[in-house]
Amino acid sequence: MSTFTLLYQDLGVALTLLVVGTFLLAGMVKGVIGLGLPTVAMGLLGLAMPPAQAAALLIVPATLTNLWQLALGGHLRALLGRLWPMLTMIFFGTLLGSVWLGIDSGPWAAHALGGALLVYALYGLLGPALHIAPRHQGWAGPVVGGITGLITAATGVFVMPAVPYLQALNLQRDELVQALGLSFTVSTVALAIGLVGQSALDTQALGASMLLLAPAVLGLFVGQWLRQRIRAAVFRRCFFIGLGMLGIHLLING
């Protein structure tokens, strides 16, 4: 058990409470709008610790909640057949980016994280509804996957441009939810491998990440409860506004 709690002893009470509260909030956001756990976690933790450390804490909650999301829907085989070029490039793009860029490669990492959050927030607030014709998906998928992988490796955020691309495929709602879970799972696994290669994910960090599964899942269930009682569109807009402000802060101050 000491392996699981040693990192939190090093962080201290105040920072530990911030970490737990962050994953509770991030899980709640995911429960309401179906995504946002890694984005919220990376953004808030990026205010208090290096992005590589934040990404290491993210691995277990993100992987297991994404696998749970992936398991729903009944379209896994069809989605794999359709999306494998993008997923393959996400995986190898993340590994290549971990060697080339690396989330722990310098002080610019926090600025890069802020930039990624700001771009995602602006797209969420202002981005037009896109449609990608089937004839273009053969080349667009791998390009989107490669870019997503590089951004994942540099920032720990794996929503851009994969999320807009998947939304542009005109999938049914349950197909889209499952496709997002599939994309996020591949990104998280590749990010974990990249962090191991950078010596940023060891037994201590993995144990600390496992303890964060409980607040993340609790937040997820709270978010699902809230989804029945609040307007999801209003919550989503508030989420992107807050995310944009957080991105601006990290972009400027690092």
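Threonine 188 counts as buried because its relative accessibility is 1% (buried means under 20% relative accessible area, exposed over 50% and partly exposed in between, with a 1.4 Å probe and protein chains only). The model is predicted, so local features need pLDDT of at least 70 and side-chain atom pairs count only at pLDDT 80 or more, while totals for chains, interfaces and linings use all residues. Residues are numbered from 1 along each chain as its sequence is written, and side-chain values use heavy atoms, with hydrogens and water left out.

Threonine 188 sits in helix α9 (residues 173–197); helices are DSSP runs of H or I with at least four residues, numbered from the N terminus. Leaving aside residues up to four places away in sequence, threonine 188 touches Ile59, Ala62, Thr63, Asn66 and Phe158, contact meaning heavy atoms within 4.5 Å. From threonine 188 to phenylalanine 91 it's 97 residues in sequence, but 9.1 Å in space, C-alpha to C-alpha.

Now for the nonpolar core, a set of buried Ala, Val, Leu, Ile, Met, Phe, Trp, Tyr and Cys residues joined through side-chain atoms within 4.5 Å. The largest one has 67 residues, and Phe23, Leu57, Leu58, Tyr120, Tyr165, Leu166 and Phe239 have the most contacts inside it.

Note on methods. Helices (H or I, at least four residues) and strands (E, at least two) are DSSP runs, numbered from the N terminus.
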